[in-house]
Amino acid sequence: MTGTHAHTNRLAAESSPYLLQHAHNPVDWFPWGEEAFAEARRRDVPIFLSVGYATCYWCHVMERESFEDPRTAALMNDRFVCVKVDREERPDVDELSMAATVTLTGRGGWPTSVFLEPQGLRPYFAGTYFPSEERHGIPAFTRVLEALSNAWRDRRQEVLQQAESLAAAVRDQLGASPDPVPLGPAHAQKAVATLLQIFDRADGGFGGAPKFPQPVFLEFLLDARQRADDATRDAIDAAARTTLDRMAIGGIHDHLAGGFHRYSVDKHWTVPHFEKMLYDNAQLAAVYARAAAAYHDPFYLDIARRTCDYVLREMTDDPDAPGTHGFFSAQDAEVDHREGLNYLWTPADFDRVLDPDDAAFAKRIYNLDASPNFQDPHHPNDDPAWVLRTDARPEDLADRLNTSPEAFAERIARINAALFAERATRKQPITDDKVLTAWNALMITGLVATAEAINARGHGSGDRYLEAARRAARFILSTMRDGTGRLLRSYRSGQAAIPAPLEDHAFLAHALLQLARADRSNRAEWLAAAADTADRARALFADDRGGYFDTEADRPDLFVRARSTHDGATPAPTGMMLLALLDLADQTNESARLDQAIALLAALSGAVVKAPVGTINPLRAMLRMMDDPARLAGRYTFSDAEPEPAPPRQPTPVRVLANTEKVTVTKDTPAVFKIALEPPPGYHIIAADPGPAKVPLTPLRVGLTRGQGVAVYADYPAGDPYGLPEIGTIHVHHDRIEFDVVLEHKPGVGASPGIPVLGVSFQACSDTECLPPRTVELDIAVEFKD
């Protein structure tokens, strides 16, 4: 019958959209909590923990293949207590499960599939996506279930020893607190030098594909340029502006609706992974607004404004008064199991929606007069299509067309409005409509930055964005608390839940202080709320040395009390807490706040020295402190050590060899050849799938450097596990590797028009340094025959 379900489990009582997606699986899912733990202990069975999120592509795939399959579900229910976690609601659980997965396998990703012993909730096995049938060397999920259940039954002591060994490794990684060390300008200079070294001079960004926006790096560079010599400032400006330009004109940017997709699968920012996250758009709005002020660039300000407009229109339940109930978390990448389906276009679409002149104009601007740039990798039989992107800034496009920037802007705005109206009639991606305190705080900061940039230029008013920030802040402060005033993490459907970890407190305190600076008429309100949030964070999370934990003490469901320091897709909570304490000291002139900031910087200093780029917000705080040495007199002494000289480079480059100088591709027969790479002594090459690292690295890739007409596939070797505290555990190649490359005839596929030119991109590292990423073009002619 319509509206009924064959199965309903405990997740039906949850509010998380991700958990509700699984509420009618035949799996007897539990949410994370004491009921699940007690049931596993009563039955004396392990816990299967599946961690994901609502807009995760491979989470959807694993659900369709395994969790909706009655036979697989029966095996899961019989052998395990099965627990589902929304990683966005429970970052504490996610962090531990991901650390265990990376430690055990050398790679991570979602969904994470972790098996816990029921008493101490320690992991004894972990992985990510498991297929329903063995594929590419990955065992079938049912085989994994049977093996791990049998191990628990037949080799209990061995399993418990494995659990303790894995838990100890995770404790060492997440719970460590390095001793304080002196910090000074040399550490900031080293971070700048590293970012400039890994900066992609052709396409912007830091590292190779897949390419992420990484706004924390841009914020740091904008800080550092104010204190740099002329040559360094010029290099910083080139890195920042190239990156901001290429993202804005690329397909990662939604040219019709505004806002940005999660990341680009290619190095040119053309084809994105299509999900849209609130935290990305919040941080990118802020950095574009800040860059608009730094460079007096109206294009950047327009990007910031349109990013905020997207959030106010699509990521709230009240577009007439956006922010009244906060901002939603994410929009999915797929529609009807098709990646990016809502965002793709064809020339015929343009002809149907636009008049002939505008259609021809739009095809030229968005490159629909060239070959398609998108082929769904999961559905290779689907017709190719186009992701909208331009190849220049708007004023440069106007110049090419011999028209004024104003006339160009008016025409493209009219065309975009028509295309967006057409897109709105399509089936839309799912929106994860839960409200998260930390991500909303980031959006408040982005709105404030955009409002300030608009008001400073005197072109229009930023009051709309400031008012939305006010509404969201008041919603969090009034609604996302329990009866004791304790801040809560998540809100949906009228229900706020889950005690907030440090991340929510730190991000919120920081956001409230941005409001206090910009919203002078309500300054006292925001200052008081920020001070209260900082005080609560200190009471719940601080240690006796001035450092902070991610979670409160006495959590029996967590086998380690973690301390996050890595600034990645979202900033580390400790670094954000440090920035908030500095802001609070500046705005209140309270010496106790400055002392708290100094103590936290000292607590983070060991992590900074080990990985300056991976722990970059504390360096931003240090630069601010150095601007006022008199204020710090007697409180903190900065190191005056000179930057460490770079170790001598191994002069022998990586050798790249191919077994042919010419290949022939036909419509029905691909070409196959071999290439080999030989790293110099003492160096290794980053593998094609290195796994998550604490610093940006360029994975091994073979592809087209220019031209089009072939799809390039490579049978990359897996690599060997390799780990350092500064980078985590990754996969690398220490010795010569050789592998097959396959070229298939694919008209229109490629980076740009022209004859296809093949290249191999790689990065070589030693135990002490990483050389700049390189792309070596292969001297191989590609011939096409019918």
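Colleague: At what angle do the axes of helix α12 (residues 298–314) and helix α17 (residues 437–457) cross?

Modeller: The two axes cross at roughly 135 degrees and come within 10 Å of each other. Axes here are lines fitted to C-alpha atoms, for helices over the stretch in contact, and angles run from 0 to 180 degrees between N-to-C directions. This is a predicted model, in which local features need pLDDT of at least 70, side-chain atom pairs count only at pLDDT 80 or more, and totals for chains, interfaces and linings use all residues. Residues are numbered from 1 along each chain as its sequence is written, and side-chain values use heavy atoms, with hydrogens and water left out.

Colleague: Why are α12 and α17 called oblique to each other?

Modeller: Angles under 35 degrees count as roughly parallel, over 145 as roughly antiparallel, 65 to 115 as roughly perpendicular and the rest as oblique. The crossing angle is roughly 135 degrees, and α12 and α17 are therefore oblique.

Colleague: What is the hand of the crossing in which α12 passes α17?

Modeller: The crossing is left-handed.

Colleague: Which residues make the contact of α12 with α17?

Modeller: From α12 they are P298, L301, A304, R305, C308, V311 and L312, and from α17 they are M443, G446, L447, T450, A453, I454 and R457. Contact means heavy atoms within 4.5 Å. These residues divide into ten nonpolar, two polar and two charged. Ala, Val, Leu, Ile, Met, Phe, Trp, Tyr, Cys and Pro count as nonpolar, Asp, Glu, Lys and Arg as charged, and the others, Gly among them, as polar.

Colleague: What makes α18 oblique to α19?

Modeller: Helix α18 (residues 463–479) and helix α19 (residues 502–518) pack at about 140 degrees, with axes 11 Å apart, and that angle makes the pair oblique. Their crossing is left-handed. L466, A469, R470, A473, I476 and L477 of α18 meet L508, L512, L515 and A518 of α19; nine of the contact residues are nonpolar, none is polar and one is charged.

Colleague: How do you know that α9 is mostly covered?

Modeller: Eleven of its eleven residues are buried, where buried means under 20% relative accessible area, exposed over 50% and partly exposed in between (1.4 Å probe, protein chains only). Among them are P215, F217, E219, D223 and R225. The buried residues pack against α8, α10 (230–249), α11 (278–295) and α23 (617–626). Helices such as these (H or I, at least four residues) and strands (E, at least two) are DSSP runs, numbered from the N terminus.

Colleague: Is W269 buried or exposed?

Modeller: Its relative accessibility is 0%, so W269 counts as buried. W269 lies in the loop between β6 (263–264) and β7 (272–273), and its phi is near 65 degrees, a positive value in a residue other than glycine. Most residues other than glycine have a negative phi, and most peptide bonds are trans.

Colleague: Why is D554 called exposed?

Modeller: D554 has a relative accessible area of 76%, which therefore places it among exposed residues. It also has a positive phi, of about 60 degrees, although it is not a glycine. D554 lies in the loop between α20 (523–541) and α21 (573–588).

Colleague: What is the peptide bond from W110 to P111, cis or trans?

Modeller: It is cis, with omega near 5 degrees. P111 sits in the loop between α5 (91–105) and β4 (112–116). A cis bond also joins A209 and P210, with omega about -5 degrees, and P210 is in the loop between α8 (185–198) and α9 (215–225).

Colleague: In what order do the five strands of the open mixed sheet run?

Modeller: The order is β1-β3-β2-β4-β5, with β1 (29–31) and β5 (123–127) at the edges. Three bridges join β1 to β3 (residues 81–86), and these strands run parallel; in β3, V83 is the bridge partner of F30. Helix α3 (residues 57–67) packs on the sheet, touching β1, β2 (47–52), β3 and β4.

Technical notes:
A crossing is left-handed if the near helix is turned anticlockwise from the far one by less than a right angle, and right-handed if clockwise. Two strands pair if DSSP finds at least two bridges between them.
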